[in-house]
Structures are given as C-alpha cells and as structure tokens.
Amino acid sequence: MPPVIQDIDYAAIAPPAMLALAALGVLFTDAFLPGRRAVVGYASLAGVLVTLAATVLLAAGPPRRTFCLPAGGGCSYVVDRFTALVQLVMLMAAVVVVLVALTEVRDTRLPAGEFHFLLLAALSGALALAAARDLITLVVCLEVVSLPVFALAALRRYDGRSSEAGLKMFLVSVVSTAVMLFGISLVYGTTGTMYLERIAAALARPADQIAGPVAAVGVVLVLVGFGFKIAAVPFHFWAPDTYRGSPIAVAAFLSVVSKMAGFAGLVLVLVVGFAPYAHVWGPLLAVLAAASMTAGNLVALRQRSAVRLLAWSSIAQAGYILAPLGAAAGLHGEAPRALVAATTGYLAIYAVMNIGAFAVVGFVGRDADLDGYRGLARTHPLISVALAFFLACLAGLPPGLAGLFAKIVVFRATVSAGYGWLAVLMAVNTVIGLYYYLAWASRLFTPSPAEVSAAPVPRPVAVAIGVAAAGAVLLSVVPQLVLGIAPV
C-alpha cells in the first residue's frame, strides 16, 4: 500500500504558526538584547498584531480544511466561521494581555523573555485548538495551552502565592488530562477513530453495533476533563487561588484566552463528535451549568479582593455559557445549532467584558481590595467609567448592552429548548450577580476616606483599557457580529 501524503494548507495554519515563530523570535531577542524589556515586550505585541491581521484576512475567505484523509475520511484542522471568530476574539484579548504585561513585567522585574515566550506559545496552542477536529490534535493543543501557563503562574520565583498558584494548576491539569485521555481511549475503542466527524457517524449506529455503555462512559470522562479546563463546578477549586497568586496579565489570560480555548474544544467535541450522545452529556451539562452559576455567584458575594471576585465571577459566567449546551440534549435539526450559537456568542462577549475589567485591575494593583477603588472616579474619571461599563456588561445592565444581549440570547435559547427550570435559575443568579457588580461599581464614585493622589496611567495600560472598551461598545451596537455562529 503506497504511503498517504497529506497536502498542507499553509494559509489555514498560518495564525498559530506565526505566533510560534514570534515566540522563538522573542526568546532570541531577549538572549541577544539582555535587559531590553521594552524591546522584548513590543516585539511580542507586534507578533500578536501581525497574527491578528493575518487572521482577519483568513476569516474573510472561504472555509479551509487541511491534514485530511483521502476520500473524505476526515480532517484534523478546519477553519470555518466558528474557528475564525474564536481566534479573532482570543487575539484581541491577547493584545490587551500583552499591553498590561508591558507595565507589569517592568514594575515587578519579571523575566521578560521567558514571560512573553511562554505567553505566545500558549496563545499559539489556543488558536490551533479552535480549529482542531480530531481528539489527538485537541489534546495536544490543550497541553500546549496549559504547560506554558504553569510556568507563567509561578514566574514570581520568590512569591509563595505565585508558587502555590502554579503548583495547584499543574496538579489539576495533570489529573484532568489523565481523565480525558482515559475517556478518549474508551471512545476510540468503541468507534475505531479519532476524527470527530467519523466518531459522530460511529456513535449514530444502532446500540447493538457499538459498546454503548462504554462509549457513554468515555463521553462523560472527556466532558469531566474539559470541566477542569473551564473551571466549572465541581472542578473549579483551583481557579480562585491561581488567579490570586498569578501576575495580573496571567490571570487575565487564564480567565479569558485559556477559558475560551477550553470552551472552544468542548463545543467542538460535543457538537461535532458526540452529538448522537446528546442525551448523555446534555443533562450533565445542565447540572454543571446550574451548579457553576449558583456557587460562583454566592461565593462572589463574600469576596473583598477584586481578583478573587473576578475569579468567582468567571466561574459563574461559565455556568451561563454552558446552559444552552445543556439544553441541547433532546433537540434535532437546526435547534441545536441555535443553542450552540448562543453559547458561542456569549463566550465572545464575555471575553471582551472580562478582559477589560482585568485591564483596570492591572492598573489599580493585584493586591487592592474593593475598598481600594473608592475615589477612583475623582482621580481617574475615564478609567472608572470604563470599569463601570465593563461591570454593567457583566451584570447585563444598560448601558452594557453587549452583556444584556448575551444574556437574552442565552435565556431565549434555554427556554425554547424546554429547560424552563434552568432559565428560572439563571434569572435568580443574574439578580444575585447584580449585587456584587453594582457594589463594586458604586465604590468607584464613593469618596475615599483618605486623600488619594492621581497616579499617572501607564500608556500601554491606557491603550489596553481603550481597546477593551472599544470592543465592548462595538458589540453593544452590533452584537450580530458574534451571534449566530456555530461550528460546521
């Protein structure tokens, strides 16, 4: 039998490949220009911006498929509208992360070369994950995202909290990967393939032709593995301490880019590969969604640290994102696509809102509690208005119309699927979330008990906040840019 030689579409794989080359370039720049932190940081930013421009051009073209088996046997890498949307949002968030990191690396004396190399390496894995269409590629891309983040979280070598953050994330990731690999082995054993499209075809066969219970266990274990990655309850316990101990730029990356990559992989696995077993994973996801939004919101009520509040808020937001997927259990035809599109739209809008809030926290300081934001409106009115806008978006209140549209779409999708109990729980949790978002926002306009000097805003941080605010305003005006998109 002659060897099978696969054609490679280099345009399709250009975004992650460009970032990988940029990561190497940053590392060599740091080696040959030691002590030039600003040069290394701006080289990293340039790499992200060039990749963003290439991704925009790729998104404007037709769908692309590469690393394919002959005769329509399946493809490992597919660039469609879903992939393009996820990659664009992750790159926009990465621009904000790098801008925040420019100041943080300078002020905290973090090793610039290692920091930006690891950041770009993790981002390249996240971009590739959004296009992966077989289980091996998915797992490899997940590890490419996770492994650099361990080091990033623990990069403050002499900070005990940073070491704890890296260790906790490492241990959780190892466990989640082991669980996921065991589930994948069961799925492969029952279907005989790793390609998601072919897995769906195999799982759709009559139960007497496959080991149905074994396949169901495999599906559940893969879902549990992703549950750790997206910090959904009860797999969330690592997130608050990891966010609190990491540098702000790393916490922002974890909360937005890494979480978005995990959700992208989860959506692809469930919708493209495990769709015939929606009756297995749908009810489980509905329970996870309910537990995540409830636990996240209730614990966030008691937080006084801004970073920990955002950590628990991101756990609650994961519940809203999961809700439409859980409601897709018993639906067929176009209805599941509408539910998946609701999840995708909410995920994109959440990323823009949350990255903006982290950018403001990066300016105020990692260790500041909520009372430390008192009087910010007097010393930095534009920064306080931006943060209030981001919090309004996260709460789903006007003028944060992007968050309002996202919540309406998710509510409507969940109700239309017949999951009224989940929609009611979402409504209750939305009211709970209003309290702590408004409590934080109100502090911005409350006079500080002590005189506070107006510290200058570093230019990179100001640009980062402006980019995030522009994205939130854009999605408030034209939310259809990210709504209605699902993987093919």
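Is Arg64 buried, partly exposed or exposed, and what is its relative accessible area? Arg64 is partly exposed, at 27%. The legends below describe a predicted model, in which local features need pLDDT of at least 70, side-chain atom pairs count only at pLDDT 80 or more, and totals for chains, interfaces and linings use all residues. Residues are numbered from 1 along each chain as its sequence is written, and side-chain values use heavy atoms, with hydrogens and water left out.

**View 1. The salt bridge between Asp9 and Arg64.** The two side chains meet at 2.9 Å, N to O; a salt bridge is a side-chain nitrogen of Lys or Arg within 4 Å of a carboxyl oxygen of Asp or Glu. Asp9 lies in the segment before H1 and Arg64 in strand E1 (residues 64-68), so the pair ties together parts that are 55 residues apart in sequence. Helices (H or I, at least four residues) and strands (E, at least two) are DSSP runs, numbered from the N terminus. The whole structure holds 11 salt bridges.

**View 2. The salt bridge between Arg106 and Asp107.** The N to O distance in this pair is 3.0 Å. Arg106 is partly exposed, with a relative accessible area of 46%, and Asp107 is partly exposed at 49%. Buried means under 20% relative accessible area, exposed over 50%, and partly exposed in between (1.4 Å probe, protein chains only).

**View 3. A nonpolar surface patch with residues from helix H1.** Leu21, Leu24, Phe28, Phe32, Leu33 and Val39 make a patch of about 620 Å². Such a patch is made of residues with over 30% relative accessible area and no salt bridge, with nonpolar side chains (Val, Leu, Ile, Met, Phe, Trp, Tyr) joined within 5 Å and, in charged patches, like charges within 9 Å. Accessible areas come from the Shrake-Rupley method with a 1.4 Å probe, and for residues only the protein chains shown count as cover. Helix H1 (residues 14-32) provides the largest share of the patch, four residues. Leu21 is found in helix H1 and counts as exposed because its relative accessibility is 62%.

**View 4. The largest cavity, with a volume of about 120 Å³.** A cavity is a set of points, on a 1 Å grid over the protein atoms alone, where a 1.4 Å probe fits but cannot get out; lining residues have an atom within 4 Å of a point. Grid points are joined across faces, edges and corners, and a volume is the space filled by probe spheres set on the points. The lining includes Met169, Phe228, Lys229 and Trp238. H6 contributes the largest share of this lining, four residues. Six lining residues are nonpolar, five polar and one charged; Ala, Val, Leu, Ile, Met, Phe, Trp, Tyr, Cys and Pro count as nonpolar, Asp, Glu, Lys and Arg as charged, and the others, Gly among them, as polar.

**View 5. The salt bridge between Glu143 and Lys229.** These side chains meet at 3.7 Å, N to O. The pair links distant parts of the chain, with Glu143 in helix H5 and Lys229 in helix H8, 86 residues apart. Both Glu143 and Lys229 are buried.

**View 6. The second largest cavity, with a volume of about 60 Å³.** Of the 14 residues that line this cavity, the closest to its centre are Gln317, Tyr320, Leu394, Gly433 and Tyr437. H17 gives the most to the lining, with six residues.

Methods:
1 Å grid on protein atoms, 1.4 Å probe; cavity = no way out; pocket = protein on both sides within 12 Å on 5 of 7 lines; lining within 4 Å.
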